[in-house]
Amino acid sequence: MKKVLTIMFIFLILFSTVTVYATAENTIKSETATTNLVELKDKALKSLEDYQAAYGNDTYGLAAYLLNIVRIYSIPFGFIGIVIAAIYRYVIGIRKLDIQDKGFGVLVAIITVMVICQVLPLIFAIVVKGWRG
């Protein structure tokens, strides 16, 4: 437990120093931030419209767009989960076998979910575009 708290404390200090440094260096005016948000919103709406045009249906286009977002964001969350599970398995689990088994189970689950999130948009595209006609 002390190792976990120590590691979490070190990550907290690292992230806080990076955040403070980035905030001190990059002060953004409210107009620039508003412009950037509007551009991001317009880009997302354009991408959604492209998916809806490609699939020929609003519902299928929205589903494909959401599956693509899940596919993109599952990679970093999956790697973070793999790191946490590896810490449980190989660092904390050296002395406690039950925690080592827990880390292995979490590792298998995270990899399985990550693979599903990567393959699901492909399966959706094959089924909707191929079999629907």
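Read along the sequence, the protein chain runs α-α-α-α, and its secondary structure amounts to four helices and zero strands, where helices (H or I, at least four residues) and strands (E, at least two) are DSSP runs numbered from the N terminus. Please keep in mind that this is a predicted model, in which local features need pLDDT of at least 70, side-chain atom pairs count only at pLDDT 80 or more, and totals for chains, interfaces and linings use all residues. Residues are numbered from 1 along each chain as its sequence is written, and side-chain values use heavy atoms, with hydrogens and water left out.

Of the 133 residues in the chain, 17% count as buried, meaning under 20% relative accessible area with a 1.4 Å probe, protein chains only.

Let me turn to the core. The largest nonpolar core has five residues, Tyr55, Ala64, Leu67, Phe124 and Val128, and the elements giving two or more residues to this core are α3 and α4 (97-131). A nonpolar core here is a set of buried Ala, Val, Leu, Ile, Met, Phe, Trp, Tyr and Cys residues joined through side-chain atoms within 4.5 Å. Beyond its neighbours within four places in sequence, Tyr55 is in contact (heavy atoms within 4.5 Å) with residues including Tyr60, Lys129 and Arg132.

Finally, Arg89, which is found in helix α3 (residues 58-91). Arg89 is buried yet has no salt bridge, the nearest side chain of opposite charge, Asp101, being 5.2 Å away, whereas a salt bridge requires a side-chain nitrogen of Lys or Arg within 4 Å of a carboxyl oxygen of Asp or Glu. Not counting residues up to four places away in sequence, Arg89 touches Ile94, Gln100, Gly103 and Phe104.

Definitions and conventions:
Buried means under 20% relative accessible area, exposed over 50%, partly exposed in between (1.4 Å probe, protein chains only). Lys and Arg count as positive and Asp and Glu as negative; His and the chain ends are not counted.
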